[in-house]
Every structure is written in structure tokens, then in C-alpha cells.
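Here's a quick briefing to read alongside the coordinates. Have the viewer open and click along as you go.

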Amino acid sequence: MPKSTIPIGIDLGTTFSVVAYLDSTGRPCTITNAEGDLITPSVVLLDGASSVVGKEAVKAAGMEPEKIADFAKRDMGSMFYSKKVGGEQLPPEVIQSLILEKLRKDAELKLGPIDRAVVTVPAFFNEPRRKATQDAAQLAGLQILDIINEPTAAAIAFGYQVGFLDEKGQARQKETILVYDLGGGTFDVTVMVIDGTDFTALATGGDVFLGGVDWDRRLAEHIGNKFRDKHHGFDPRQDASGNQRLLKEAEDTKRALSAREQVTVSFEHVGQGIRLPITRVEFEEMTADLLERTRFTIKSVLKEAKLQWTDITRLLLVGGSSRMPMVQRMLEEESGLKVDRSLSPDEAVAHGAALYAGLLIAREEVQPDDAPAKKPAMTVKNVSSHDLGVLSKDPATGRSMNSIIIPRNTVLPVTKGKRFRTAKQGQKTVVINVIEGGDSAGRNSTPIGRCTIHGLPPDLAPGMIVEVFFTYSENGRLKVEGRLPELKRKAMLSIERASGMNDDKLNEWGEKLKASRQ
Ligand code: ADP
Ligand code: MG
């Protein structure tokens, strides 16, 4: 048997990624990358067949913005990355796989060959985005032990660190935790109960389009306007490189304002310059509505969990943007709790992923004979983050309707079904259109894919019962089954995906990336 390799936990972030492993004492440690940093920018520079990932790519971004792919995580689940890079349209999975490959290779410098990993995803990532994440890992030569939700990972890490979990991963007392994760490009809030060894998410919500970068943009807008006013309409934002550098300046300023009350920005563009003092108060005023959006999301998540602030025992802050003093202040005011800052908000998610990876491996290695002694240390129950249903036609009115099979915030894993009827005389196939979210008519829903039951007997009378079962696994992946009970027919259906990569595409890219590695 080959010697088993050390599994790693990967926080594949929108803006920064982090890798951790468990040392020989079982303690999670962040692995520094080849540049010597704990966190790696999730940025790729594509130059023909070669690519550069991380800090070096960021440095080049100001000079060659057209070769840069960043924020690809936002596009996971779509067919293509939002812009052409080096003149080419790429699937977001490919960009993410290049990041994952860099993370794997850097970790290998420390740990030797690595092939297994737990990768984290935002709790509200929908099914296609989860699949795309798994595909990206596969392209990067990693076997995914599991994907786990970022807030769950953070709660596990805090649990160990703060000691509300004992060595066996058991909570000393029941905890009801709110995880507030404000990263670079996404916001995520989850309420979770930890009771003994059970981690159960009660409700989750978030915003894929809200993160630190929105704070950067506000500040960049402010600096850009002042620059333009000073230089009679000459605007650095008019060219891509000026814009990139302005955003970088804004980000640096924002970070500095987390530590200081006032910062003086100095920005130059094509021989013109500006020096501009900005106070933390000003910055907080120009971004107050963004913070307000997170407050609003928290309230609705608490409501969905049927809880009040007084029920919450711990408040965990995750994500680099939670370092902004305005975030902590708002949360403490709102909740009456003290924020737990005992763990670095950048590393908590990766540490939790490493702990979870260790747990999965330990579970795998449990021999049947000693199973009772080595009871799995922890169980993680997630909730579904979106309604999942079937788009069908109302037989009476002929209008589209959304038959929700698994409602949002259902505890996973779950199997649920609904009955439908065939519509036409002699119908040969039954097509099941799987959708996520949307209103009662299916408007604004995300098509997940289509399943087809083929080969129905000829001259089938209309009104035959078709049962559709959805099985949603713990990690948020979906299986669909269709049954025609009157015909005793059963079909496990593969989903013909509405987005992302099918198996052929995945293989094709797998070969292509392998070739470019040689
Ligand atoms: P993600 O998980 O989305 O990749 P991270 O959790 O790594 O993101 O957070 C990255 C974001 O945190 C960036 O927008 C960065 O500017 C911001 N950030 C990091 N440190 C600070 C700080 N000290 N003050 C304010 N924002 C910060
Ligand atoms: Mg993150």
C-alpha cells in the first residue's frame, strides 16, 4: 500500500487563499507559500501557455491588466469567466484550478506529495458552484475529501482554539454561534448550533456581490473624483492600468484606516498627482450603506433561524474585511456580545478545513472491529442554501410554476420527492427541469440542469404519475431520481448541466492542463 499522504485544508477565497495542515500533535498550522506568505492572492496572470499565481500576478496587474484573472470565484457555476484573458475565454474552473495547483505545489515544498484536500465554499454557494469547485480541484490534481462550508470550518477552528470544544471535538456546553464572514468579494452569515459533537447550521444567508472590494471601490471613487477635479477632468480611471493602480491604492488606504484614524493618500498618474488626507470617519460615512447591507442580512438570517440576539452565545468574525473597526462596532452594538478575536480572521477557515480533513481521514482509518471505541469525533450538518425545485406547467392554466421540493435552510442530507403527472397522450419522455431559487412562477431562478426519463411505453395515457426525488447530500451536491410507480420504472438521472463543465470538457481541460505542466 502506498504511504498515505498528509491531507490539507484549503480556503479557496475570492481574493485570498490559505492552506493549512495538522502537525504531528494534531494542531492546525498555516503553510507559508513559496513567497513566504501565509496567504496567497487568488490572482492569476496568464501569458500564453504559462501562468503565474499570487503576489507576482498582483504586481503585474497594474502593467498588464488584460492578462489578469481575479475574482474568478464569483463566476464559478457560469460557463465562462467574466472577461477574456489574453484574448481567450476561459471557464472559471480552469482559473481556480491554476490557483489550487499553486497552493498544492507550495504545500508540497513543506509536506511532500499531496493529493487529498478539503476545500471550503461559502455556505450560500449553490449546487453548480459547488460542482465547479470540485471540478477545479480535480483539474488541479487533487482528490477532494469533501467540500465544507466556510462558516462551519471557521466554527470548528474557533472551537478548538478557544476551547469551547475539548480534544475530542465535543462542545463543553451547547453553543449557538453566529459566524460573520466578510471577505474580499463575498459576505456570508451563518447561525450554527454546536451540541456535543454535532454541528448543525440553522440558517445561512449572504451576498455574493458584497466584500472588501466594494469598500475599495468607494474609496477609489472618492480619490478618483478628487484627482479629476484637481486636474480639470483628467481622470486616471479612464485607462485600465490607472484604474487598477487606483484600486490598489484604495485598498492599501482602507487597510491603513483599520489601524489609524487618518491616512494621507498620495497617488500619481501620468505625471500628475494628488495628496489627500482621509479620516476613518469619512471612510465609514462613505461606506455606511455597505455595512448596513450586512446588518440587514444578519437580521434576516436570525429571523429564519427563529432566534434573537439573546440566544446567540458567541460571535465569530471571519474574513479580512472583518478587521475594519466599523464591523466590530456595529456587531457589538447590535448584539450586546463581545466579538471573539482569538483567531486570525484570515486563517480560521483553512484551519477548520484542515481539522475536518484530519477527521475524515481518521474516520476512514477506523477499522470495523474497533469502531465503537473510535466513534467519529464530529458530525457536521449543513442546511441547503436555496430552494430547489422543478419548473413545471400548471395543468389547469398552462402557466409555469415552481414546485419546490427542498426548501431553503433544510438540514442536509435530505431526500424529498413530489408527484407530477404526464401531460400528453403518448408522451415518450419526461423532462425534469431542475431549478434553484426563484419565485412561485420560477422567475429569477437559476437553471441547474435537465433530467430526462426516456423510453416510456407507446400510447401512454396522460396523467401518469411521475415521482421526482431529490437527494441533497451533506456537502450540498444533488442527485435526482425519477419514478413512474404505475409502470414500476425507476431512473437514476444524470443531470444535463445548464452551466459549468460536462465530463467531456473536464477531461479535455484535464489533458490540456497536464500537457502545459510538462
Ligand atoms: P476572501 O475569503 O474573500 O478571499 P479574505 O477573508 O482573505 O477574503 O479578505 C480579503 C479582504 O480583506 C480584502 O478585501 C482585504 O482588503 C481585506 N482586508 C484585509 N486586511 C484588512 C484590514 N486590516 N482592514 C481592512 N480590510 C482588510
Ligand atoms: Mg474567505
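Let's start with an open sheet of five strands, ordered β18-β17-β20-β21-β25, with antiparallel pairing. Strands β18 (400–406) and β25 (496–497) sit at the edges with a single partner strand each, so one side of each has no neighbour in the sheet. Keep in mind that this is a predicted model.

- β21 (residues 446–453) and β25 run antiparallel and are joined by two bridges.
- If you want a residue pair to click on, G449 has R497 in β25 as its bridge partner.
- As background, strands of a sheet pair through backbone hydrogen bonds, in either a parallel or an antiparallel way.

- N409 belongs to the loop between β18 and β19 (414–421).
- Is N409 buried or exposed? Its relative accessibility is 15%, and buried means under 20%, so N409 counts as buried.
- The N409 side chain has a polar contact of 2.5 Å with the side chain of E304, and it also reaches the backbone nitrogen of T204 at 3.3 Å.
- Setting aside residues up to four places away in sequence, N409 touches L202, A203, T204, E304, V383 and S384.

- Strand β8 (residues 116–121) has six of its six residues buried, so the rest of the structure largely encloses it.
- R116, V118 and T120 point one way from β8, while A117, V119 and V121 point the other way, and all are buried.
- Strand β1 (residues 8–12) runs parallel to β8, with three bridges joining them; G9 is partnered with V118 in β8.
- Strand β9 (residues 143–149) also pairs with β8 in the parallel sense, over six bridges, and there the bridge partner of V119 is I147.

**Another parallel pair: β10 and β15**

- Five bridges link strand β10 (residues 175–182) and β15 in the parallel sense.
- L178 is the residue standing opposite L315 in β15.
- β15 (residues 314–318) is mostly covered, with four of its five residues buried.

**A buried lysine: K73**

- You'll find K73 in the loop between β7 (68–70) and α2.
- K73 has a relative accessible area of 5%, and so is buried.
- What does the side chain of K73 make a polar contact with? The partner is the side chain of E150, at 2.8 Å.
- Leaving out neighbours within four places in sequence, the contacts of K73 are L12, G13, T14, Q96, P122, F125, R129 and E150.

**Helix α11**

- Which residues of α11 are buried? They are L506, W509, G510 and L513.
- The buried residues of α11 pack against α2 (92–111) and α3 (127–139), whereas the face turned away from the buried side carries the exposed residues D504 and E511.

- A348 is part of helix α10 (residues 348–365), and at 0% relative accessibility it counts as buried.
- A348 and A155 are 193 residues apart along the chain, yet their C-alpha atoms are separated by 8.1 Å.
- Beyond its neighbours within four places in sequence, A348 is in contact with A153, A154, A157, F158 and L343.

**Around ligand 1**

- There are 17 residues around ligand 1, and of these T15, G184, E251, K254 and S258 come nearest.
- G184 places a backbone N or O atom 2.7 Å from an oxygen atom of ligand 1.
- A polar backbone atom of T14 is 3.1 Å from an oxygen atom of ligand 1; T14 is also one of the residues in contact with K73.
- On the nitrogen side, an N or O atom in the side chain of R255 is 3.4 Å from a nitrogen atom of ligand 1.

Note on methods. Residues numbered from 1 in each chain as written. Chains lettered and ligands numbered in written order. Predicted model: local features only at pLDDT ≥ 70, side-chain atom pairs only at ≥ 80, totals over all residues. Heavy atoms only, no water. Pairing = 2+ DSSP bridges. Buried < 20%, exposed > 50% of the residue type's maximum accessible area, 1.4 Å probe, protein only. Contact = heavy atoms within 4.5 Å. Near = heavy atom within 4 Å. Polar contact = N/O pair within 3.5 Å; in protein donor to acceptor, adjacent residues only side chain to side chain.
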